[in-house]
Amino acid sequence: MKNAITPTQHEKMMRENDFIVSKTDLTGRITYGNEIFIEFSGYTEQELIGAQHNIIRHPDMPRGVFKFLWDSIATGKEVFAYVKNMAKDGSFYWVFANVTPDYDSNGNIVGYFSVRRSPKRSAVATIETVYRLMIAAEQSAGPKDACNASLALLGKILEEKGLSYEELILAI
Ligand SMILES: Cc1cc2nc3c(=O)[nH]c(=O)nc-3n(C[C@H](O)[C@H](O)[C@H](O)COP(=O)(O)O)c2cc1C
């Protein structure tokens, strides 16, 4: 059941050589997860396969980040993002994710692919601040305008820094 898990302050750290890999169909339903994904998520493979990928969504993640993710990959663009995920026991783990479309032999997008590695701690600290501001913007805008409000704020932060989204993510 979604939202039945209470987030805790316990953090699990990815090891330097870990890769967390998962694949989804076009709707974000999980079709594959590697062993490290199973380990960090705390779910069994049976629980993960067929579930929506938001099964590990953490409430500290701004909705705008996922809107940006979906808008990008649906048009064939890869995305790099820092993501805070929530395991089945409520603990959390930060990842640096690269999400890409998965194509068939005719060049049609048939699903998506995410490969995550251990994030730099300094980058997590920077992005946590940005996400906190984005969540605050979403809360004051209300559910209907949340994504637009937080993405507008992200745009303002990037403009002030003189960086594109990719430049910020790869620079921190
Ligand atoms: C390949 C792929 C990997 C994803 N990985 C994650 C993930 O690790 N954590 C997460 O919260 N959402 C992930 N998502 C995004 C989810 O599908 C979903 O949009 C997000 O959790 C927000 O959930 P909501 O739309 O119910 O608010 C992924 C999506 C795709 C296509």
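1. A quick definition to start: a cavity here is a set of grid points where a 1.4 Å probe fits but cannot get out. This is a predicted model, and by that definition the structure holds 1 cavity of 30 Å³ or more.

2. On the space itself: the largest cavity contains about 40 Å³. Around the largest cavity you will find V65, I127, V130, Y131, M134, L154, Y165 and L168. If you colour that lining by residue class, it comes out as 8 nonpolar, no polar and no charged.

3. Where does the largest share of the lining come from? Helix α4 provides it, with 4 residues. Two helices, α4 (121–141) and α6 (165–171), each supply at least two residues of the lining.

4. Helix α3 (residues 63–74) packs with helix α5 (residues 146–161), their axes being 8 Å apart at an angle of about 85°. That makes α3 roughly perpendicular to α5, because angles of 65 to 115 degrees count as such.

5. Which residues make this contact? From α3 come R63, G64, K67 and F68, and they meet A146, C147, N148, S150 and L151 of α5. The residues of this contact divide into 4 nonpolar, 3 polar and 2 charged.

Definitions and conventions:
Residues are numbered from 1 along each chain as its sequence is written. This is a predicted model: local features need pLDDT of at least 70, side-chain atom pairs count only at pLDDT 80 or more; totals for chains, interfaces and linings use all residues. Side-chain values use heavy atoms; hydrogens and water are left out. Axes are lines fitted to C-alpha atoms, for helices over the stretch in contact, and angles run from 0 to 180 degrees between N-to-C directions. Angles under 35 degrees count as roughly parallel, over 145 as roughly antiparallel, 65 to 115 as roughly perpendicular and the rest as oblique. Contact means heavy atoms within 4.5 Å. Ala, Val, Leu, Ile, Met, Phe, Trp, Tyr, Cys and Pro count as nonpolar, Asp, Glu, Lys and Arg as charged, and the others, Gly among them, as polar. On a 1 Å grid over the protein atoms alone, a cavity is a set of points where a 1.4 Å probe fits but cannot get out, and a pocket is an open set with protein on both sides within 12 Å along at least five of seven lines; lining residues have an atom within 4 Å of a point. Grid points are joined across faces, edges and corners, and a volume is the space filled by probe spheres set on the points.
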